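These are my notebook entries, written in the order in which I looked things up. I began with a pair of strands and then moved on to other places in the chain.

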Amino acid sequence: MEGVDHLAHERNKTEFDVDAMKIVWAGSRHAFELSDRMARLVASDPVFRKDDRTRLGRKELFKNTLRKASHAWKRILELRLTGPCVITEEEAGQLRNFVDEPSFTDLHWEMFVPAIKGQGTDEQQQKWLPLAYKMQIIGSYAQTELGHGSNVQGLETTATFDPETDEFVINSPTLTSSKWWPGGLGRICTHAIVYARLITNGQEHGVHGFIVQLRSLDDHMPLPGITIGDIGMKFGNGAYNTMDNGVSKFDHIRIPRNQMLMRVLQVTREGKCVQSNVPRQLIYGTMVFVRQTIVANASTALSRAVCIATRYSAVRRQFGSQDGGMETQVIDYKTQQSRLFPLLASAYAFRFVGEWLKWLYTDVTQRLQAKDFSTLPEAHACTAGLKSLTTAATADAIEECRKLCGGHGYLCASGLPELFAVYVPACTYEGDNVVLLLQVARFLMKTVSQLDSGKKPVGTTAYLGRVQDLLRCCCDVQRDEDWLKPGVVLEAFEARSARMCVACAKNLSKFENPEDGFAELSADLVEAAVAHCQLIVVSKRKGEPDLTPATARGESDHHNKDEGFIDKLQQDIPGKGVKQQLQNLYYIYVLNLVHKYLGDFLSTGCITPKQASLANDQLRSLYSQIRPNAIALVDAFNYTDHYLGSVLGRSDGNVYPKLYEEAWKDPLNDSVVPDGYHEYVHPMLKQQLRNARL
């Protein structure tokens with residue numbers, strides 16, 4: 001029935017202030033008001049309709065995306081010119097986010113513009129950024145090649161300086177040097193930052209970025225010497241098929257010398273390479289920013305999947321009927337709770353560690369500007385590891401949510417297949433997850449090797465400075481409620497990570513060639529890196545949620561100093577019952593990790609089998625405490641039905657009538673008798689098939 005809240009009985013069980021939790025989730029009142037405004041603006045605009053996306057052919061799908069991207073830009077311009085306040089870049093980004101469709105503009109804003117800001121000189125920024133901000137040029141980020149992805153130093157595209165003409169010659173010397181995958185490159189982008197091997201006076205100087213025009217700004221035809229197109233269909237129905245991921249080859253095309261990004265390294269008129277007075281390490285700030293964004297996006301994607309699965313689990317009833325009464329809600333089965341609630345807890349945990357990474361990015365940027373590079377290796381390892389951890393967990397969790405929804409989860413109308421297909425590339429882009437974990441492992445091994453020299457570990461590795469204590473400590477859990485003591489939890493995770501790191505370091509020391517050891521022990525090293533990254537999530541989150549109106553603060557957002565999640569939970573958190581729910585979610589996240597990675601904790605001697613059993617007892621108790629609040633906890637995400645894009649996850653719980661209605665929209669139901677019936681099926685039924693001659 002329209003207008004009826006079929007989940008009202010669930011919402012009436014809520015034991016906390018949902019509005020206060022919405023602000024905790026958003027990060028501040030300002031952030032909540034901004035996202036709520038943009039989400040509703042997009043949801044109310046019929047141009048941004050997306051329920052038919054999975055039924056469109058590729059060409060129609062792509063054209064529809066062009067229409068939406070153009071309309072989004074139009075709305076952004078209109079909002080900048082009218083209304084009570086000028087729309088900010090933050091709001092423009094939120095609007096594009098809630099359109100919720102991969103498009104050619106994604107890399108323009110997320111990679112092309114930041115790269116120019118981070119790697120371009122002041123003069124280059126003054127020339128190119130105004131054009132990019134006004135969308136008078138549309139940029140892509142052409143780094144990955146057909147033959148090389150994670151190994152950036154192995155890129156084959158060349159940029160050879162010609163001193164006679166004061167130009168760079170961009171060339172693709174092999175088939176595998178073709179640029180492959182850049183979003184927007186295939187059909188739309190006019191420019192790209194092309195990464196190539198810099199060659200001057202016959203010498204190579206590493207890989208650098210070059211601004212290359214790809215297409216005419218008059219007729220959009222590819223410029224001479226450039227072969228360019230789309231790489232073809234990708235995983236899923238709609239998903240990233242709305243994006244023109246491209247391939248391009250360059251046949252000795254020429255660009256002016258000043259189109260090499262020269263903030264760090266400059267090439268003179270004579271072809272001499274000169275290091276600028278800007279530290280090369282500054283470019284790492286952009287990398288930290290991008291990875292911080294990926295972690296934040298992980299919490300968003302995971303929370304969307306969890307919202308769908310939680311609401312549908314409350315709607316769906318199976319078995320348990322007594323004397324013809326109501327069947328049991330699926331969400332009341334402990335097997336469902338033990339699979340679903342840890343994912344709900346993970347969504348909140350990833351959200352908070354993503355907010356902490358915002359603080360880290362600000363801190364790193366300030367230090368780099370002051371030429372303080374002391375925390376850069378740790379920040380690089382931290383962001384690399386968290387990118388890997390959160391994206392892998394989120395991809396797995398979306399698929400688990402699909403299975404939690406039973407057969408209906410396999411329908412495109414559930415929104416979950418589309419969500420998975422859009423999200424899963426995050427495990428590969430901006431660094432393959434396993435490669436990133438190996439980078440983290442190298443950093444951890446270096447940190448352990450320097451302990452005897454007296455060098456004190458910093459930041460997220462500070463616990464390794466107490467490695468001797470952590471190797472000797474014993475978990476003192478005697479009752480299941482002891483697992484709710486912050487110190488107990490933190491010590492167990494620190495001891496696990498420290499012992500795994502030390503064990504790997506000892507095994508590495510047995511090899512004469514460290515690289516041989518690293519290759520042989522790579523699987524163990526990845527596991528140690530995962531343990532370290534999980535410790536970061538367990539112990540880190542942003543400062544206290546700010547409930548003060550943004551107008552009263554006179555600022556756009558609020559970020560407090562770095563704080564541990566455990567420390568935070570010892571403080572007051574505004575809103576009735578909010579702190580208790582966050583504590584429950586935190587300990588579900590922690591104890592589920594203990595359960596899932598029990599082999600690590602037992603094999604390293606961090607806990608005993610009895611203590612592991614007590615952790616499971618406490619976990620079951622926490623599930624029971626979360627159960628009456630489950631719907632309200634996903635309501636706190638504040639997602640519109642448009643953004644969620646799921647019949648199963650409808651906010652009103654009116655699933656079955658809408659699912660039935662959705663089925664009849666499929667083009668296959670346009671006619672009662674399908675095309676091809678009379679040609680192929682009817683003769684078979686009437687036994688009128690001609691015998692084939694062999």
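Entry 1: I started at T200, whose bridge partner in β6 is Q203. The model I am reading is a predicted one, and I keep that in mind for every entry below. I then looked up the two strands as a whole and found that β5 (residues 191-200) and β6 (residues 203-213) run antiparallel and are joined by nine bridges. Two residues lie between β5 and β6, which together form a hairpin, and in the turn N201 has a positive phi of about 50 degrees. As a reminder to myself, strands of a sheet pair through backbone hydrogen bonds, either parallel or antiparallel.

**Entry 2: a sheet of three strands.** Next I followed an open sheet in which three strands stand in the order β4-β8-β7, with antiparallel pairing. I noted that β4 (179-180) and β7 (226-230) are the edge strands, and because each has a single partner strand, one side of each is left without a neighbour in the sheet. Between β7 and β8 (residues 246-250) I found five bridges in the antiparallel sense, and D230 has G246 in β8 as its bridge partner.

**Entry 3: an annotated domain.** I checked the UniProt record, an unreviewed entry, which places the annotation "domain: Acyl-CoA oxidase/dehydrogenase middle" on residues 141-242.

Entry 4: I located E430 in the loop between α11 (416-423) and α12.

**Entry 5: D600.** I found D600 in helix α20 (residues 598-603). With a relative accessible area of 15%, D600 is buried, because the cut-off for that word is under 20%. Apart from neighbours within four places in sequence, D600 is in contact with R496 and M500. I looked again at R496, which is 104 residues away from D600 along the chain, and the C-alpha atoms of the two are separated by 6.9 Å.

**Entry 6: helix α2.** I went through α2 (residues 18-26) and found seven of its nine residues buried, so this helix is largely enclosed by the rest of the structure. The buried residues of α2 are A20, M21, K22, I23, V24, W25 and A26. Among the elements that cover them I wrote down α3 (29-43), α8 (284-315), α9, α19 and α22 (630-635).

**Entry 7: the second largest pocket.** How much space lies in the second largest pocket? I noted about 800 Å³. The pocket is lined by 34 residues, and L343, N592, L593, K596 and Y597 are the closest to its centre. The elements that give two or more residues to this lining are α9 (334-369), α10 (376-404), α12 (433-449), α16 (522-539), α19 (578-596) and α21 (609-626). Of these, α10 gives the most, with eight residues. When I sorted the lining by type, I had 18 nonpolar, nine polar and seven charged residues.

Definitions and conventions:
Residues numbered from 1 in each chain as written. Predicted model: local features only at pLDDT ≥ 70, side-chain atom pairs only at ≥ 80, totals over all residues. Heavy atoms only, no water. UniProt positions renumbered as here; feature names shortened; annotations may be inferred. 1 Å grid on protein atoms, 1.4 Å probe; cavity = no way out; pocket = protein on both sides within 12 Å on 5 of 7 lines; lining within 4 Å. Points joined across faces, edges and corners; volume = space filled by probe spheres on them. Helix = DSSP H or I, 4+ residues; strand = E, 2+ residues; numbered from the N terminus. Nonpolar A, V, L, I, M, F, W, Y, C, P; charged D, E, K, R; others polar. Pairing = 2+ DSSP bridges. Buried < 20%, exposed > 50% of the residue type's maximum accessible area, 1.4 Å probe, protein only. Contact = heavy atoms within 4.5 Å.
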